[in-house]
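Please read these points with the sequence and the model open side by side. They are notes for checking by eye, one topic at a time.

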Amino acid sequence: MREVRTRAPAKVNLHLSVGPVREDGYHPLVTVFQAVDLYDTVVARPRTDGEFTLEIETAPTISVSPEAIPRDGTNLVMRAARLVAEHAGIDDGIDLHLIKRIPVAGGMAGGSADAAAALVACAEAWDVGATRSTLDGLAAQLGADVPFALHGATALGLGRGDKLSPVMTHGEFHWVFATQSAGLSTPAVYGQFDRDVASGERLAVEPSPNADVMAALMAGDAHALGEALTNDLQDSALTLAPHLRATMDAAREADAVGVIISGSGPTVAALARSRQHALAIAAHITASDTADAVLTASGPAPGAVVMGS
Ligand code: C5P
């Protein structure tokens, strides 16, 4: 039986418009995702005794202890493997090895990338002949952001963020990601959003698209994109983690063309003019001592792929 190695990318939301909570607990979104070239890797090796095992390795840039990542059946990698087995009627087991480079609980969909990489790795290792649309369906069952981690590039997300269509872009965008070792829980940030709506502190209206973001992407214009970045979860994340304001200020001091909380945070995403400028912003944030780790990455990056078998 063969070993398969896959990877899937992190994401940043360039636009995140959030509507009032639905009956199923999810919020209707209009969002623009961009995948960046920061990847988690999954290595899968089938086994004949029906056992499922998971080993986790964290890159030195991950500023969170490996213990913070669940290793049991609740880990999205394990859930993805069991879902593929169930769907394809597979009795075999699998050894899974996850290598994490994407910040944990950081608002960059690291767990979703792991799920997408595991779906592709297991489907390939067991040779189940899954189609793209089958994998998309399984991905949506695992989490709202998992279909995008499969898809990659830049995409418009509707519904829970899982109904995707591609967005036209030009050129490359250079990002800096300032991460924190204490993550923020996505449900907690949405919960804060709901409390702010209930108390009248903010309005929740139907989510809407952002033409400025689309135009800036099409033109490949980093300045215009920087000005157009929006995130309806930003205030809620800042209420729960006010110290992130200092991180955002540090990025602005280094002339970032746009600064935003990534998804539900706490990662701060800063958009640069160039790769060189991204390195300069990263150095400034590091010197400011307002983040636990600082990474640079570029987008758009491809979705989940098989790297070798
Ligand atoms: O789908 P996933 O498990 O990744 O979502 C994590 C949590 O984020 C959900 O349980 C929900 O609380 C929140 N969420 C939401 N609306 C969305 C996406 C996620 O409220 N559109």
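1. Helices (H or I, at least four residues) and strands (E, at least two) are DSSP runs, numbered from the N terminus. Threonine 31 belongs to strand E2, residues 29-47. This is a predicted model, in which local features need pLDDT of at least 70 and side-chain atom pairs count only at pLDDT 80 or more, while totals for chains, interfaces and linings use all residues. Residues are numbered from 1 along each chain as its sequence is written, and side-chain values use heavy atoms, with hydrogens and water left out.

2. Is threonine 31 buried or exposed? Threonine 31 counts as buried because its relative accessibility is 0%. Buried means under 20% relative accessible area, exposed over 50%, and partly exposed in between (1.4 Å probe, protein chains only).

3. The side chain of threonine 31 makes a polar contact of 2.8 Å with the side chain of asparagine 13. It also reaches the backbone oxygen of histidine 15, at 2.7 Å. A polar contact is a pair of N or O atoms within 3.5 Å; within protein, one must be able to donate a hydrogen and the other to accept it, and residues adjacent in sequence count only if both atoms are side-chain atoms. With neighbours within four places in sequence left aside, the contacts of threonine 31 (heavy atoms within 4.5 Å) are Asn13, His15, Leu16, Ala155, Leu156 and Gly157.

4. Just after H1, glycine 89 has a positive phi of about 65°.

5. Which residues of H1 are buried? They are Val77, Met78, Ala80, Ala81, Leu83, Val84 and Ala85. The buried residues of H1 pack against strand E3 (52-58), strand E4 (93-100), helix H2 (110-125) and helix H3 (132-142).

6. Alanine 85, in H1, has a relative accessible area of 6% and is therefore buried. Not counting residues up to four places away in sequence, alanine 85 touches Phe52, Ile90 and Trp126. Alanine 85 and alanine 116 are 31 residues apart in sequence, and their C-alpha atoms are 15 Å apart in space.

7. The axes of H1 and H3 come within 10 Å and cross at roughly 135°, which makes H1 oblique to H3. Axes are lines fitted to C-alpha atoms, for helices over the stretch in contact, and angles run from 0 to 180 degrees between N-to-C directions. Angles under 35 degrees count as roughly parallel, over 145 as roughly antiparallel, 65 to 115 as roughly perpendicular and the rest as oblique. Leu76, Arg79, Ala80, Leu83, Val84 and His87 of H1 make the contact with Thr134, Leu138, Gln141 and Leu142 of H3.

8. For H2 and H3, the axes come within 10 Å and cross at roughly 140°, so H2 and H3 are oblique to each other. On the H2 side the contact is made by Ala115, Leu119, Val120 and Ala123, and on the H3 side by Leu135, Leu138, Ala139 and Leu142.
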